[in-house]
Amino acid sequence: MLIRGLGLIGAPGFGADAWEGALRAGWRAPAPTAAGRAAYLVDFDAVPDKTLLRKLRRADKLSKMAVLAAAGALADAGLEPGAAGRVGLVLATALGPHVTTFEFLDGVLDYGDAAASPTAFSHSVHNAAASYVASSLGLQGPTLTVTRFSFAFQEALRLAGCWLAQGSCDHVLVGMAEQYGDVLGYLAAEKLGSAADGRIRPFACGGPGPVPGEGAVFLLLGGAAAGASGCRIDAVHIGCGAPPAGTADLLLTEADGLLPDASGYLPALNCGVPVAGYAPLAGSMLTGGAFTLAAGVLMLRRQVRFAAPVPDNPHALPVVAATAPARLATVHSLALDCGGDWAITCLRAG
Amino acid sequence: MGGAAALITGLGLISAAGGSLPATLASLERGERRAGPVTLFPTTLAVPVFEVPALPGADALPGQRTLALTLAALAEALAEARLGEAGSLRVGVCIGTTVASQLNDLQFYKRYRETGTAPLAAAERFLKGNLAQCVARRIGARGPALTVVNACSSGTDAVGVALAWLKGGLCDLVIAGGADELSHIPLCGFHSLGIVNPGLCAPFDRERKGLNLGEGAGLLVIETPESARRRGVAAELSVAGFGAQGDAYHLTAPSPDGVGLRAALRTALAEAAITPAEVAFVNAHGTGTHDNDLVEGTVLAELFGPAVKVLSTKGYTGHTLGAAGGIEAVLTAAALRAGWIPASAGFACRDEAIPLAPVTARTPVSGRYAVSTSLAFGGNNAALVIGREVAPC
């Protein structure tokens with residue numbers, strides 16, 4: 001699958017350029033939330049062109065993030081929505097519009113069963129964000145929202161590969177979107193603790209916990225006939241047991257503090273291949289590996305290795321310590337879940 | 001079935017109409033409509049719903065009713081498919097839902113809102129309750145697993161995903177369909193939208209006043225011909241085609257011109273390589289809401305002709321949301337196999353704005369293909385073509 005376009009929005013800002021800027025600038029502390037917890041939050045003031053946001057004035061934050069990221073992917077590919085042929089859409093999310101769901105519950109609790117908000121309800125349906133993407137960008141292809149608590153984005157990529165190979169679509173927009181809310185912050189802190197200094201440590205392989213984030217990432221994928229793109233997804237593997245040893249020029253870890261025991265990463269990260277992880281820039285999200293993958297896309301495009309923003313390295317792993325030009329043909333991104341399964345997304349230049 | 005990419009080797013169903021597929025078919029044949037007041041949770045809304053009266057395993061899964069419904073349908077589907085543990089098969093799981101994807105435990109949230117803390121049990125159940133992942137763990141499936149959350153087309157879309165996986169070689173066999181429990185939150189939500197019928201739903205009827213919510217699960221075991229042959233399992237049915245298309249129109253209303261549904265149907269028929277005339281009947285989404293039935297009836301009449309045999313089974317099951325596509329795919333397959341469809345419950349008076357009328361009595365059907373449609377919030381439209389093998393002369 002050729003990666004024709006990359007769009008994203010997260011705490012570092014809007015667009016691939018903002019993400020690259022954050023990767024070059026290094027770690028920044030998260031912002032305090034209204035409830036006093038630390039989180040990496042999206043600020044729509046960072047979006048320079050407010051045209052889409054004005055159209056989305058009734059939408060919830062999750063939908064706005066998804067639309068902006070999807071539109072960014074099309075723009076990055078140099079395609080107007082109508083020029084991309086038959087475009088399918090797969091949005092992966094673990095927690096979906098849970099913030100809007102709680103808003104709807106507020107209405108039920110405050111006003112009773114018969115007087116809850118229809119607007120909040122219609123936005124609390126999981127596929128509302130994908131619906132906004134489709135209607136905002138005029139996409140009438142197959143539109144799917146999928147959920148898992150691990151590897152949802154990777155499974156979405158595999159499905160997109162099927163759609164492209166079977167000719168169901170000319171392009172597929174594959175993305176993730178997650179929104180932060182106070183209930184989520186509470187649950188994360190209660191279940192997993194939190195990194196007291198706000199630093200996610202991808203190479204600690206255990207502790208000190210997550211720092212929740214929010215955002216959306218979309219890739220515009222095309223088949224072999226889609227033309228040159230600079231980067232492709234060779235394969236997405238999902239398996240169980242010990243992940244295979246790295247064979248790429250660079251191995252990315254998607255570790256973000258959400259696994260109570262991340263020691264399973266150690267053997268794979270300690271096989272001589274340079275390793276990096278960028279979750280500390282965007283925050284912890286159950287589908288947040290897409291941000292790490294987006295870093296891989298940019299590194300292959302630019303032929304540069306970005307320094308790991310939080311390089312704390314108690315296990316003496318070969319962590320990329322400085323941003324520098326590099327000859328990169330392949331970058332793999334590794335994720336583990338708490339059930340002993342792993343996922344590897346294989347990126348290749350060209 | 002010679003050219004079919006995906007054979008159906010097992011069907012499982014549970015709904016208010018019955019605890020199994022045979023029980024459901026018998027109930028439908030008798031024309032029973034087992035709706036009643038809400039008993040599963042306290043509510044001030046006095047509307048009829050379709051609850052499953054006796055759910056096996058529900059006590060063992062407190063707070064996970066959707067999972068219990070799923071497992072009930074799963075057991076029946078696996079038994080027909082003669083499939084126990086996944087073993088060396090590459091088994092995928094794709095299940096549609098709405099309720100099971102949301103942390104919408106009212107008591108948990110109420111406590112958090114009042115005190116800033118709440119017991120984590122509800123959240124723990126939610127985090128362990130992803131349907132596809134749960135089922136995959138239960139049967140030892142090592143293929144792809146996805147929970148589809150495409151609102152009311154989730155179950156149909158899940159079958160479409162299964163077909164894409166099988167054709168793409170990602171697995172040999174897929175458990176696919178949908179499941180949803182009756183939940184307080186969507187009941188309040190649909191009521192807030194003004195589309196819950198205070199009486200029994202009447203799909204396609206001139207006096208239709210909205211939907212009744214229900215619950216249930218419908219699952220299919222779908223596998224490649226090679227897999228069925230290796231396992232020595234005979235198959236009479238297949239998933240012959242699937243199509244999905246978005247309206248890109250509105251968050252909750254279907255496009256009035258039916259553009260997405262029409263395209264989804266054409267895609268599904270093209271994949272099955274059949275003409276509309278080869279379709280024996282259509283199991284319509286048919287919610288009993290004004291807009292859905294008008295758009296759907298118009299598109300079906302345009303594509304299949306006004307005399308096409310059409311029914312909605314929601315008059316027997318209620319609208320089971322994420323489960324609906326799975327339940328209706330199972331019922332479509334079973335009816336095609338049995339050679340009859342039940343009366344479209346609730347229909348009495350022709351709506352002159354809709355250029356077709358559903359069947360009003362048990363009706364024999366013959367032919368090799370049937371269609372099941374789903375329309376959903378978000379402008380999603382999905383269509384399945386189910387095929388039946390013709391016995392050699």
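At 28% relative accessibility, Arg125(B) counts as partly exposed, a class that lies between buried (under 20% relative accessible area) and exposed (over 50%), computed with a 1.4 Å probe on protein chains only. The model is predicted: local features need pLDDT of at least 70 and side-chain atom pairs count only at pLDDT 80 or more, while totals for chains, interfaces and linings use all residues. Residues are numbered from 1 along each chain as its sequence is written, chains are lettered from A and ligands numbered from 1 in the order in which they are written, and side-chain values use heavy atoms, with hydrogens and water left out.

**Salt bridges**

Arg125(B) forms a salt bridge with Asp105(B), the term denoting a side-chain nitrogen of Lys or Arg within 4 Å of a carboxyl oxygen of Asp or Glu. This pair joins distant parts of the chain, 20 residues apart: Arg125(B) belongs to helix 4 (residues 121-127) of chain B, and Asp105(B) to the loop between strand 2 (91-96) and helix 3 (106-115). Helices (H or I, at least four residues) and strands (E, at least two) are DSSP runs, numbered from the N terminus. Asp105(B) is partly exposed, with a relative accessible area of 25%.

Over all chains, the count comes to 32 salt bridges.

| Pair | Closest N to O |
|---|---|
| Arg362(B) and Glu29(B) | 2.5 Å |
| Arg125(B) and Asp105(B) | 3.6 Å |

Arg362(B) forms its salt bridge with Glu29(B). The two residues are 333 residues apart, Arg362(B) in the loop between strand 9 (340-341) and strand 10 (363-364) of chain B and Glu29(B) in helix 1 (residues 21-30). Arg362(B) is partly exposed at 42%, and Glu29(B) is partly exposed at 40%. In the remaining pair, Arg30(B) is exposed at 53%, whereas Glu32(B) is partly exposed at 25%.

In chain A, a network of salt bridges links Asp197(A), Arg199(A), Arg201(A) and Asp312(A).

**Helix 7 of chain A**

Helix 7 (residues 152-165) of chain A has 14 residues and reaches 20 Å from its first C-alpha to its last, close to the 20 Å expected; the expected span is 1.5 Å times one less than the number of residues. Of the 14 residues of this helix, 12 are buried, so helix 7 is largely enclosed by the rest of the structure. The buried residues include Phe153(A), Leu157(A), Arg158(A), Cys162(A) and Trp163(A). Gly167(A), whose phi is positive, near 75°, follows helix 7.
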